[in-house]
Amino acid sequence: MARAVIFDCDGVLVNTETIVIGIELQAMAELGVEYERDAFIRKYLGCSEADFEHGLNADHRAVHGTGLPDGFFEAMEQRRVRALESDVAAIAGAHAFAASLTGPRAVASSSRTPVLHMKLKKTGLAPLFGDHIHGGDDVKAGKPAPDLFLRAAGRLGTDPGDCLVIEDSVFGVQGARNAGMRAWGFTGGGHCPAGHGDQLREAGAEAVFGHFDRVGEAWRARAG
C-alpha cells in the first residue's frame, strides 16, 4: 500500500499545459513547421526538455533541412514564462487534495527547477512540498527514465514501492513504473486529447481520473 504521493506538476497541479502548448505550436508555426495539436501532445507531453528540444530540431530539419535558428529555445522560454507569470493557476482540487495528505509528498516534474518553483509559488502550492520539489535539471535522464522519481523517493526517505505517482503523460507513467512505483493517470488539466486516458492505462496507470475529487475518493478508499 502506497504511503507517499509524488505529483507531476504541469497538467496535474497547475494549468500550464493549456498555456504553453499553444505558445510552442505558434512558435514552430512561425518557422513554417505545423502540427496537429493532439499529435503534438501525444509526441511531446511530459518528455524532458532535452528530448523536447531535440525533437523540435529534428522536426524543423525534416521540413527545412536545417536545425532551429540560434536563440529559438531561449526566445520561446521567455514567451512561456511571461504567459505563466500572468495566467498560471492551480488545477481545481489540487491544493485541497495535496493538503489533505498526512504522509510524505513531493513534486517530480520535467520542468526546469527555477520555472517549476515559480509556478508552485504563484499558485500557493509550494509550501505543501517544502524542499521536496524536483525538476528535470536535477537528473541526467528525464522521463520516461526512472531517475527523477527515484530522486524524489530517496529525498523523502521512502521505498519506491511505497510511492504512488500522479501523472498526466505517458512518459511520466512509464517513468513511474520504471522506478517500481504505482501510477494513477490524471486527465483533468484541460489539455488531454480524446483517448488519452486509455493511453495512460496502456502505459501502466492503474486508474485514470478527471478531477481531484475522484482522486481523493480513491485515495481514501484505498486507505480504508
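The chain contains 10 helices and six strands. The model described here is predicted.

**Overall dimensions**

A compact globule of 224 residues would have a radius of gyration near 17 Å, and the chain agrees with this expectation because its own value is 17 Å. The C-alpha trace extends over about 55 × 35 × 30 Å along the principal axes of the chain. Of the 224 residues, 50% count as buried. Among contacts with a separation of 6 or more, 69% are between residues 24 or more positions apart.

Two packed helices are described by the angle between their axes and the distance between the axes.

| Helix pair | Angle between axes | Distance between axes | Handedness of crossing |
|---|---|---|---|
| H8 and H9 | about 20° | 9 Å | right-handed |
| H4 and H6 | roughly 15° | within 10 Å | left-handed |
| H3 and H4 | roughly 120° | within 12 Å | right-handed |

Helix H8 covers residues 170–178 and helix H9 covers residues 196–203; they pack at an angle of about 20°. H8 is therefore roughly parallel to H9, since angles under 35 degrees count as roughly parallel. On the side of H8, the contact is formed by Val170, Val173, Gln174 and Arg177, while H9 contributes Gln199, Leu200 and Ala203.

Helix H4 (residues 72–87) and helix H6 (residues 113–122) cross at roughly 15°. This angle makes H4 roughly parallel to H6. Their crossing is left-handed. Glu77, Val81, Leu84 and Glu85 of H4 meet Val115, Met118, Lys119 and Lys122 of H6. The residues of this contact of H4 with H6 are four nonpolar and four charged, with no polar ones.

H4 also packs with helix H3, which spans residues 49–64, and here the axes cross at roughly 120°. The H3 side of the contact consists of Glu49, Phe52, Glu53, Leu56 and Asn57, and the H4 side consists of Phe72, Phe73, Met76 and Arg80. Five nonpolar residues, one polar residue and three charged residues make up the contact of H3 with H4.

**The loop residue Asp137**

Where does Asp137 lie? Asp137 is placed in the loop that runs between strand S3 (133–134) and helix H7 (147–156). Is Asp137 buried, exposed or partly exposed? Its relative accessibility is 45%, so Asp137 counts as partly exposed, the class between 20% and 50%.

Apart from neighbours within four places in sequence, Asp137 is in contact with Ser111, Arg112, Thr113 and Pro114. Two of these residues, Thr113 and Pro114, fall within the range of helix H6, residues 113–122. Asp137 and Gly195 are 58 residues apart along the chain, and their C-alpha atoms are separated by 30 Å.

Note on methods. Residues numbered from 1 in each chain as written. Predicted model: local features only at pLDDT ≥ 70, side-chain atom pairs only at ≥ 80, totals over all residues. Heavy atoms only, no water. Axes fitted to C-alpha atoms, helices over the stretch in contact; angles between N-to-C directions. Helix = DSSP H or I, 4+ residues; strand = E, 2+ residues; numbered from the N terminus. Parallel < 35°, antiparallel > 145°, perpendicular 65-115°, else oblique. Left-handed = near helix turned anticlockwise from the far one by under 90°. Contact = heavy atoms within 4.5 Å. Rg over C-alpha atoms; globule rule 2.2 N^0.38 Å. Buried < 20%, exposed > 50% of the residue type's maximum accessible area, 1.4 Å probe, protein only. Nonpolar A, V, L, I, M, F, W, Y, C, P; charged D, E, K, R; others polar.
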